[in-house]
Amino acid sequence: MGTTAVILGGGYAGVMAANRLAGSGRPGLDVVLATPDQRFVERIRLHEYAAGTRPDPTVDFDSLLHPAVHRMTGRAVRILPAERTVQLADGRTLAYDYLVYAVGSAAAAAPDGAVRMEQLQGATAARGQLAALPAGARVAVVGGGLTAVETAAETARTHGRLRVSLHSAEPIAPRLGTQTRRSVEKSLRRAGMELHSGTPVRADGDVRTSLGADVVLWCAGFAVPGLAAASGLPVNDGGRLCLDSTLRVLGQDRIYGAGDAGVIDDPFYDYLRMCCAAALPMGADAAGNILRSLDGEAGVRHDSGFRGLCISLGRSDGAVQFLTADDSPTRFHLHGRTAAVQKEIICRMTLRWIRGEAKRSGAYTWPTGPQAATTAAPAPMTRS
Ligand SMILES: Cc1cc2nc3c(=O)[nH]c(=O)nc-3n(C[C@H](O)[C@H](O)[C@H](O)COP(=O)(O)OP(=O)(O)OC[C@H]3O[C@@H](n4cnc5c(N)ncnc54)[C@H](O)[C@@H]3O)c2cc1C
């Protein structure tokens with residue numbers, strides 16, 4: 001009898017998992033990818049799209065997925081682990097033998113008047129609103145993380161006629177080393193931007209009024225869909241699905257998780273933040289452990305880490321912060337055009353890694369995590 005592996009979510013983690021499973025050529029293994037999107041969304045380029053420097057941030061799924069993956073357009077609304085089924089919003093039911101939960105994340109709740117930037121819909125709204133603004137109009141970007149920094153820089157450099165400000169409750173880009181952070185701030189000021197840090201943005205009423213802005217772009221953190229919690233699966237305080245170190249859901253033997261929507265429930269893994277650079281290895285490893293389970297083998301512990309963080313500051317400026325495997329900044333960094341080129345290469349590589357996995361299951365490799373890093377050979381640099 002055949003085995004069905006259902007992947008929920010067609011983002012970086014889900015597509016990588018689908019390709020590793022389908023490409024394994026395992027006889028009788030049917031791989032189904034259920035996702036609401038018609039096309040793959042390159043989330044890591046949404047700031048480019050919103051600012052108008054990229055015409056389309058989507059990619060045809062057919063160009064990314066292994067041909068044996070059955071893609072279904074649909075949004076899961078409930079997982080029933082006891083029955084091994086998933087209910088879709090349109091009333092259909094999907095039966096699975098193995099499930100990969102990879103439904104990603106979206107912008108955290110935003111106040112009235114703000115455009116939530118972290119998904120295609122919000123980026124499309126931002127793009128339209130920015131293009132329509134007259135010279136001298138004000139744009140406020142809220143958030144101090146890299147999504148906010150990249151969005152603010154791309155907007156300021158593309159729309160030189162607009163007055164762009166960045167508002168962060170905490171220091172801007174606090175994860176970066178001091179020198180890299182200073183250089184990023186300098187670049188943002190050179191782009192004509194006002195920087196406000198250390199003051200939380202008041203979220204009552206229309207936030208455009210409190211910030212004196214015509215458009216407010218909200219980039220203040222990611223939140224995850226409530227599907228896992230609604231399905232009675234174990235979640236952490238933020239609603240992320242709780243996984244063991246083999247990426248299997250706690251208390252479940254047939255459900256795995258990957259990407260932003262899942263979290264390994266072990267403080268050792270706290271360094272694995274929500275990012276594409278973590279989602280791809282998690283997707284690959286979740287699939288690998290399903291294949292091992294099919295062979296009657298134990299799952300292997302997830303082992304991934306960081307080497308570098310590439311930040312775009314418009315199309316011709318950027319910063320690269322080199323990292324230790326546990327995501328801590330080292331004293332090495334790059335700036336300017338070289339860093340911008342490096343960031344562009346990494347963005348292109350993400351699609352190349354996914355396509356490579358479609359051609360050969362197991363082709364994608366990634367940097368090892370903190371424990372293994374000291375003995376591992378140098379790995380290709382990833383970005384988040
Ligand atoms: C502007 C911007 C720039 C970024 N830059 C970088 C960067 O340079 N480097 C980096 O590492 N990270 C970056 N990130 C973060 C990165 O995009 C995310 O961490 C990454 O997309 C997570 O991958 P994922 O597969 O977990 O989720 P996603 O890519 O969000 O994919 C989730 C998928 O699940 C689908 N889905 C949602 N709900 C359901 C449901 N109920 N049923 C079925 N499917 C569902 C979604 O439609 C989507 O297809 C950036 C993010 C933004 C917004």
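The model is a predicted one, in which local features need pLDDT of at least 70 and side-chain atom pairs count only at pLDDT 80 or more, while totals for chains, interfaces and linings use all residues. Residues are numbered from 1 along each chain as its sequence is written, and side-chain values rest on heavy atoms, with hydrogens and water left out.

**Domains**

Begin by colouring domain 1 (3–105 + 224–303) and domain 2 (114–218) separately; these bounds come from an automatic or database domain assignment. The centres of domain 1 and domain 2, taken over C-alpha atoms, are separated by 31 Å. Where they meet, 16 residues of domain 1 are in contact with 16 residues of domain 2, contact meaning heavy atoms within 4.5 Å.

**Cores**

Next, select I79 and L166, which touch the most other members of the largest nonpolar core, a set of 106 residues. A nonpolar core is here a set of buried Ala, Val, Leu, Ile, Met, Phe, Trp, Tyr and Cys residues joined through side-chain atoms within 4.5 Å, where buried means under 20% relative accessible area, exposed over 50% and partly exposed in between, with a 1.4 Å probe and protein chains only. Helix α8 (residues 276–294) supplies the largest share of this core, 11 residues; helices (H or I, at least four residues) and strands (E, at least two) are DSSP runs, numbered from the N terminus. Because domain 1 (3–105 + 224–303) and domain 2 (114–218) both give residues to this core, it lies between them. A second, separate core of 7 residues includes V207, A213, V216 and W218.

Staying with I79, display its surroundings: leaving aside neighbours within four places in sequence, I79 has contacts that include L8, Y96, L99, L227 and I255.

**Two helix pairs**

Now show helix α4 (residues 146–158) and helix α5 (residues 178–190), whose axes come within 9 Å and cross at roughly 30 degrees. Axes are lines fitted to C-alpha atoms, for helices over the stretch in contact, and angles run from 0 to 180 degrees between N-to-C directions. The helices α4 and α5 are therefore roughly parallel to each other, given that angles under 35 degrees count as roughly parallel, over 145 as roughly antiparallel, 65 to 115 as roughly perpendicular and the rest as oblique. Selecting side chains here shows V149, A153 and R157 of α4 meeting V184, S187, L188 and R190 of α5.

For the other pair, turn to helix α1 (residues 12–23) and helix α9 (residues 336–359), whose axes come within 8 Å and cross at roughly 25 degrees, so that α1 and α9 are likewise roughly parallel to each other. In this pair, Y12, V15, M16, N19 and R20 of α1 meet T350, W353, I354, E357 and A358 of α9.

**Single residues**

Select R163, which lies in strand β13 (residues 163–168) and, at 43% relative accessibility, counts as partly exposed. Not counting residues up to four places away in sequence, R163 touches G136, A137, R138 and V139.
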